[in-house]
Amino acid sequence: PEKKFGVVVVGVGRAGSVRMRDLRNPHPSSAFLNLIGFVSRRDLGSIDEVQQISLEDALSSQEVEVAYICSENTSHEDYIRKFLNAGKHVLVEYPMTLSLAAAQELWELAEQKGKVLHEEHIELLMEEFAFLKKEVVGKELLKGSLLFTAGPLEKERFGFPAFSGISRLTWLVSLFGELSLVSATLEERKEDQYMKMTVHLETENKCPLSWIEEKGPGLKRNRYLSFHFKSGSLENVPNVGVNKNIFLKDQNIFVQKLLGQFSEKELAAEKKRILHCLSLAEEIQKYCLPKK
């Protein structure tokens, strides 16, 4: 390609490291991108010959046209705003923000600046999701539940569980349409690093869906689901194969947006879904943490 977009990766944890690896490997979408450096709060110097650069340099450099935001959730909003204001396109790992108002403001800023703002959703690129999407087509839901378990997660860095777990909510919304909140509770035992958030939602046809996030020591990362339809039920997903290169698939989508290959209609539908999920997450948070 004639045009290569200069990229900086902000945050080099798990996602950031995978992003850097994808950018350096010869993939069709990587051919449109040129990894210039990475930004980290830690002093790392270089990683695999990729140089660390300061945030200031990343923002002011003419070479840098794209930022991949792979830092802690609590820092996403600030980084997105800085890079959009500096006239850069932004790819951010979910959740883009920890409030609905901030997300709406950043979308407006992106539109005003004429830049792409893309929130990663690798969970929609997983084999399990493709399987579920096929399974639910044309079926009438009666009720359903989705439980996600994992080890402890620091709220200070990752935000309230409805935001840090927004990929599960995104699955439910992508499968069953827009949802409304019925009730939600949060049980926490800080000394045991344990938390359980239980959310009751319903579809537009008033079918109940429950979503539970449970995190604590000794809990394995796992998803348990059960959907009951008029025509039968689905309990958990069979082994549908390994998820290959899901971050790369997400990058392909981002590059298509950079190249203007997404229709306005597709972009609008995606933005609507993202904002709907963030507004639900915020409602859940308010329900669980009533003002003193």
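1. A residue is called buried under 20% relative accessible area, exposed over 50%, and partly exposed in between, with a 1.4 Å probe and protein chains only. By this scale arginine 41 is exposed, because its relative accessibility is 69%.

2. This is a predicted model, in which local features need pLDDT of at least 70 and side-chain atom pairs count only at pLDDT 80 or more, while totals for chains, interfaces and linings use all residues. Residues are numbered from 1 along each chain as its sequence is written, and side-chain values use heavy atoms, with hydrogens and water left out.

3. Helices (H or I, at least four residues) and strands (E, at least two) are DSSP runs numbered from the N terminus. Arginine 41 lies in the loop between strand E2 (33–39) and strand E3 (46–47), and arginine 42 is found in the loop between E2 and E3 as well. The side chain of arginine 41 forms a polar contact of 3.0 Å with the side chain of glutamate 72. A polar contact is a pair of N or O atoms within 3.5 Å; within protein, one must be able to donate a hydrogen and the other to accept it, and residues adjacent in sequence count only if both atoms are side-chain atoms. Arginine 42 is in contact (heavy atoms within 4.5 Å) with Val12 and Gln52, leaving aside neighbours within four places in sequence.

4. An unreviewed UniProt entry assigns the feature "binding site" to Val12, Gly13, Arg14, Ala15, Ser40, Arg41, Arg42 and Tyr94. From this set, Val12, Gly13, Arg14, Ala15, Ser40, Arg41, Arg42 and Tyr94 belong to the lining of the largest pocket. On a 1 Å grid over the protein atoms alone, a pocket is an open set of points with protein on both sides within 12 Å along at least five of seven lines, and lining residues have an atom within 4 Å of a point. UniProt annotations may be inferred rather than shown by experiment.

5. Strand E6 (residues 89–92) is covered on both faces: His89 and Leu91 are buried on one side, Val90 and Val92 on the other. In a regular strand the side chains alternate between the two faces of the sheet. Strand E5 (residues 64–69) pairs with E6 in the parallel sense over 4 bridges, and pairing requires at least two DSSP bridges. Within this pairing, isoleucine 69 stands opposite valine 92. E6 also runs parallel to strand E7 (residues 117–119), joined by 3 bridges, with valine 90 opposite leucine 117.

6. The β-α-β unit made by E5, helix H3 (residues 73–85) and E6 is right-handed. From E6 the chain crosses through helix H4 (residues 100–113) to E7, and this β-α-β crossover is also right-handed. Right-handed means that, with the strands pointing away from the viewer, the path from the first strand over the helix to the second runs clockwise.

7. Helix H8 (residues 166–176) is largely enclosed by the rest of the structure, because 11 of its 11 residues are buried. Glycine 177 follows H8 and has a positive phi, near 85 degrees.

8. A further "binding site" feature from an unreviewed UniProt entry is placed at His276, Cys277 and Cys288. Cysteine 277 lies in helix H10 (residues 264–288) and is buried, at 2% relative accessible area. Not counting residues up to four places away in sequence, cysteine 277 touches Ile166, Leu169, Thr170 and Val173. Cysteine 288, also in H10, counts as buried at 14% relative accessibility. With the sequence neighbours up to four places away not counted, cysteine 288 touches Phe160, Ala184, Thr185 and Leu186.

Notes
On a 1 Å grid over the protein atoms alone, a cavity is a set of points where a 1.4 Å probe fits but cannot get out, and a pocket is an open set with protein on both sides within 12 Å along at least five of seven lines; lining residues have an atom within 4 Å of a point.
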